[in-house]
Amino acid sequence: MAFKQMEQISQFLWAAEQYGIAPTDIFQTVDLWEGKNMACVQRTLMNLRGLAVTKQDGLFVGDPNWFPKKSQENRYKLKEGQNVIGLQMGTNQGASQAGMTGCGSRQVMGTGLG
């Protein structure tokens, strides 16, 4: 009986991966079977329902407003920001390294000791 139940969990995990869940987001069979890592099991189920809501393929039944949709990539917006330098980075106008010393070196100021 235990072997059959573990086999069914493995089949569910395989189907979840085929549906589109990333392998890194899928729990291990023993996580559910032994009940030791239920947070990982819950994350897998949450990712699965988020993906089902996003796909809108008719496999999700229920109120989709209860669940956040999986984010969709917007390639146009991603590429748009590559050519912009944000103001939080500041400016390098007037920047110089004059007066800078190396790490660990002594800076002797006007003592004549070199």
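The chain contains 4 helices and 0 strands, and from the N terminus onward its elements follow the order α-α-α-α. The model described here is predicted, and its values are computed from the atoms of that model. Of the 114 residues in the chain, 18% count as buried, while the accessible surface amounts to about 9,800 Å², with 55% of that surface belonging to carbon and sulfur atoms.

Helix H1 spans residues 2–19 and comprises 18 residues; the distance from its first C-alpha to its last is 26 Å, close to the 26 Å expected at 1.5 Å a residue. Four residues of H1, namely Ile9, Leu13, Ala16 and Tyr19, are buried. When H1 is viewed down its axis, these buried residues fall within an arc of 125°, and they therefore line one face of the helix. The face of H1 that is turned away from this buried side carries Phe3, Trp14 and Gln18, which are exposed. The cover over the buried residues of H1 includes helix H2, at residues 29–33, and helix H3, at residues 38–55. Just after H1, Gly20 adopts a positive phi of about 135°.

The contribution of H2 can be followed through one of its residues, Thr29, which lies in that helix. Thr29 has a relative accessible area of 16% and counts as buried because this value is under the 20% limit. When its neighbours within four places in sequence are left aside, Thr29 is in contact with Met6, Ile9, Ser10 and Leu13; of these residues, Ile9 and Leu13 are among those buried in H1.

In soluble globular proteins, nonpolar side chains tend to be buried together. In the present model, the largest nonpolar core has 12 residues, made up of Ile9, Leu13, Ala16, Tyr19, Ile21, Ile26, Phe27, Cys40, Val41, Leu48, Leu51 and Ala52. The elements giving two or more residues to this core are H1 and H3, and the largest share, 5 residues, comes from H3.

Side chains of opposite charge can pair when their charged atoms come close. The count of salt bridges in the model comes to 1, and this salt bridge is formed by Lys36 with Glu34, whose closest N and O atoms are 3.9 Å apart. With regard to accessibility, Lys36 counts as exposed at 70% relative accessibility, whereas Glu34 is partly exposed, with a relative accessible area of 46%.

Definitions and conventions: Residues are numbered from 1 along each chain as its sequence is written. This is a predicted model: local features need pLDDT of at least 70, side-chain atom pairs count only at pLDDT 80 or more; totals for chains, interfaces and linings use all residues. Side-chain values use heavy atoms; hydrogens and water are left out. The expected span of a helix is 1.5 Å times one less than its number of residues. Buried means under 20% relative accessible area, exposed over 50%, partly exposed in between (1.4 Å probe, protein chains only). The arc is that of the directions from the helix axis to the C-beta atoms. Contact means heavy atoms within 4.5 Å. A nonpolar core is a set of buried Ala, Val, Leu, Ile, Met, Phe, Trp, Tyr and Cys residues joined through side-chain atoms within 4.5 Å. Accessible areas come from the Shrake-Rupley method with a 1.4 Å probe; for residues, only the protein chains shown count as cover. A salt bridge is a side-chain nitrogen of Lys or Arg within 4 Å of a carboxyl oxygen of Asp or Glu.
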